[in-house]
Amino acid sequence: MENEVTLLATSAMGLEAIVKREVKQLGYEPKVDNGKIMFNAPLSGIPRANLWLRTADRVKLVVGESRIESFAELYDWIYSLPWEQYIPEDGKFPVIGKSHQSKLFSVSDCQAITKKAIVDRLKLKYGIAHRMPETGALYRVEITLLKDMATVTLDTSGVGLHKRGYRVATGEAPLKETLAAALVLLTNWRGEDILVDPMCGSGTILIEAALIGQNIAPGFNRNFAAEEWPFIGEKLWNEAFKEAEDLAKYDQKLAIYGSDIDHRMVEMSKQNAAEIGLYDVISWKQMQLKDLRIKEPNGYLISNPPYGERLKDREYVESLYQTLGDIMRNHPSWSVYILTSHKQFERLYGKKATKRRKLFNGFIETQYYQYFGKKA
Ligand SMILES: C[S@@+](CC[C@H](N)C(=O)[O-])C[C@H]1O[C@@H](n2cnc3c(N)ncnc32)[C@H](O)[C@@H]1O
């Protein structure tokens, strides 16, 4: 097994630049190509990237890349790759696929051929005459074709990286943890200043902020598919978890406040925070936005308010945005960050954003309105 591997971090559309920055911070040199963030790393990069990347969906190990224009080429190329270096005799390896603007557009055929080529090679290498057992650890293979360039990967993450292991309860429209982390990383808040989400729902933004503020690896409370892979081994995982433990600043004091009009949401936030050991780090209370009182300068307000997508909610949401604008007008030293799909947000809030950025909340196209405060 070579010690250097090529990894691919996948992310939601719009978050690529943030994932790239995170990969760089881990000490690797990322390249972005067609929305894919690729980087070379020693084997220890697999545990480290899975543990630390806050905004990536998954970390995949690139087994090969090649230009492929026919099924015969696909079979020969997949067969030529050193699968036995990765997948042991009992490994389970379902194959999924994607194809975009390529001659081989039948995804099911690409999957079947990829599977057959891997099975044929592994049977030969392991001297298996009959069916492969596939009773062991999971090695999810993905074959993707983009403009005839094929990439075949193994998914090292298992469950998507947004599953941090703390979400025991959610409200109606919870943010994905990866997007919530991105919302925080797109601000200059790094833990020193006060941070408020006055429409916190199940608390995702603030919990992600607390993890960032205390430098806690987001994957610290979960498992990953590649923990079961013998070619990586327990030692590298233990070292990565140890590194994360050493770097966490559990004693770092943070001033993080969450509130919501709905007391059930506040309870959920508390439960979620408690699940990850942040119960005492964040202050929660049931409160309406209009009762928000700001006493200190230079704070940050980050929120994902209701969008008013349903007609019956429109009027309510519009007056909510006006209320927010009325409150924040009196606090010019505060920076305000709002994610919404409502096209008239700036008009209702009463001010043009310093900056805006298109982001997708699931399938909903939203803008991230960013108002930079003038430090007092
Ligand atoms: C889109 S959800 C926030 C979801 C949250 N980011 C999460 O990840 O769970 C919007 C929240 O705004 C709250 N809300 C609506 N009107 C409010 C008001 N007037 N004051 C405070 N909170 C309000 C709702 O109860 C809801 O929990």
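Helix α4 (residues 107–126) lies across β5, β6 and β7 and runs at about 135° to β5; helices (H or I, at least four residues) and strands (E, at least two) are DSSP runs, numbered from the N terminus. Contact requires C-beta atoms, placed from the backbone, within 7 Å, and angles run from 0 to 180 degrees between N-to-C directions of axes, which are lines fitted to C-alpha atoms, for helices over the stretch in contact. The model is predicted: local features need pLDDT of at least 70, side-chain atom pairs count only at pLDDT 80 or more, and totals for chains, interfaces and linings use all residues. Residues are numbered from 1 along each chain as its sequence is written. Helix α1 (residues 16–25) lies across β1 (4–10), β2 and β3 (36–42), at about 10° to β3.

The open sheet has seven strands in the order β2-β3-β1-β4-β7-β6-β5, with mixed pairing (two strands pair if DSSP finds at least two bridges between them). The edge strands β2 (31–33) and β5 (95–100) each have a single partner strand, so one side of each is left without a neighbour in the sheet. The twist from one strand to the next averages 30°. Strands β6 (residues 140–146) and β7 (residues 149–155) pair in the antiparallel sense over seven bridges, and Thr144 stands opposite Thr151 in β7.

Helices α5 (residues 177–185) and α6 (residues 204–213) pack at an angle of about 65°, with their axes 8 Å apart. The contact is made by Glu177, Ala180, Ala181, Leu183, Val184 and Leu185 of α5 and by Thr204, Ile205, Glu208, Ala209 and Ile212 of α6.

Conventions: Two residues are in contact if their C-beta atoms, placed from the backbone, lie within 7 Å.
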